[in-house]
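My notes follow in the order I took them.

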Amino acid sequence: LVEALQPQRSLSYSPLFQVMLSLQNNEEESGSLPGLTVSSLATQQHTAQFDLMLNVEEDEDGLQLSWEYSTDLFDASTVARMADSFACLLDGALANPQRALDTLPLMAPAERERLLQLGRATQSTVPAQCLHQLFTAQALATPQAVALTDGERHWTYAELEAASNQLAHRLLASGAAPGARVGLCLERSGEVVQAILAILKCGAAYVPL
């Protein structure tokens, strides 16, 4: 299938899918050897096969679920919240099998209320300065600190401030003015950030093209 589809290959992830649900519900047969008692031994796997995998094993006690995940992408607390949400989803489905899937709960009422209260209590102070002014202030405070990384190229705050100022002067000379809209058509790169800062320094707005 991989040869037929020719997906983009990477050593970082599986080429066809990155999330998997595995259901193991086959009866286990214990092996036997003359004069020996044989039993299965659980082994630990320290490398995740996929970004995220949910293993479901059926035994005489019911279904046993375990999660396997890439620690480069998830931490234990994130996966624990996923497990809690999945358990809440299953509880809702069992309580009301006729309920539409998209209406099933993903969190307990107490957790939902806690998050709502957290959102209501959150207050943020909006800076009185504009983005480019905040950047200039940071450039004055830490001029040699790295502000932007583009591949192998690193821009310090001082370098990015100087480059955006130079471009801003060129834009002003070309007719950019406060309230104007300046088209921006560039590949994703450090120059995009430079151009955005320069346009804002002119008092104009940038229009992605």
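Two strands pair if DSSP finds at least two bridges between them. I take helices (H or I, at least four residues) and strands (E, at least two) as DSSP runs, numbered from the N terminus. The model is predicted: local features need pLDDT of at least 70, side-chain atom pairs count only at pLDDT 80 or more, and totals for chains, interfaces and linings use all residues. Residues are numbered from 1 along each chain as its sequence is written, and side-chain values use heavy atoms, with hydrogens and water left out.

**Entry 1: hairpin of β6 and β7**

I started with strand β6 (residues 146–150) and strand β7 (residues 153–156). They run antiparallel and are joined by four bridges. Thr149 faces His154 of β7. Two residues lie between the strands of this hairpin, and Gly151 has a positive phi near 65°.

**Entry 2: the open sheet**

Next I traced the open sheet. It has three strands in the order β1-β4-β5, and the pairing is mixed. Why is one side of β1 and of β5 left without a neighbour in the sheet? Both β1 (19–24) and β5 stand at the edges, each with a single partner strand, so one side of each has no neighbour there. From one strand to the next, the twist averages 15°. For angles I use axes that are lines fitted to C-alpha atoms, for helices over the stretch in contact; angles run from 0 to 180 degrees between N-to-C directions.

I then checked each pairing. β1 and β4 are parallel and share six bridges. Ser22 has Asn55 of β4 as its bridge partner. Helix α2 (residues 76–95) packs on the sheet and touches β4 and β5. The direction of α2 makes about 150° with that of β5. Here contact means heavy atoms within 4.5 Å.

Strand β4 (residues 52–59) and strand β5 (residues 62–69) run antiparallel, with eight bridges between them. A hairpin of two residues connects β4 to β5. Asp59 has Gly62 of β5 as its bridge partner.

I looked at two residues here. Buried means under 20% relative accessible area, exposed over 50%, and partly exposed in between (1.4 Å probe, protein chains only).

Phe50 sits in the loop between β3 and β4. Phe50 counts as buried because its relative accessibility is 15%. I left aside neighbours within four places in sequence and found Phe50 in contact with Ser14, Phe17, Gln18, Met20, Glu68 and Ser70. Phe50 and Glu68 are 18 residues apart in sequence, yet 8.0 Å apart in space, C-alpha to C-alpha.

Asp51 lies in the loop between β3 (36–37) and β4. Is Asp51 buried or exposed? Asp51 counts as buried, at 17% relative accessibility. With neighbours within four places in sequence left aside, its contacts are Ser12, Tyr13, Gln18, Glu68, Tyr69, Ser70, Leu73 and Phe74.

**Entry 3: β8 and β9**

Strand β8 (residues 181–184) runs parallel to strand β9 (residues 205–208), joined by four bridges. Leu184 is opposite Pro208 in β9. In a regular strand the side chains alternate between the two faces of the sheet. In β8, Val182 and Leu184 make the covered face, and Arg181 and Gly183 the uncovered one.

**Entry 4: helices on α6**

Two packed helices are described by the angle between their axes and the distance between the axes. I call angles under 35 degrees roughly parallel, over 145 roughly antiparallel, 65 to 115 roughly perpendicular and the rest oblique. A crossing is left-handed if the near helix is turned anticlockwise from the far one by less than a right angle, and right-handed if clockwise.

Helix α4 (residues 131–141) packs on helix α6 (residues 190–201) at about 110°, with the axes 9 Å apart. That makes α4 roughly perpendicular to α6. Their crossing is left-handed. Leu131, His132, Phe135 and Thr136 of α4 meet Leu197, Leu200 and Lys201 of α6.

Helix α5 (residues 157–173) packs on α6 at about 55°, with the axes 8 Å apart. α5 and α6 are therefore oblique to each other. Their crossing is right-handed. Contact residues include Leu160, Leu167 and Leu171 of α5, and Val193, Leu197 and Ile199 of α6.
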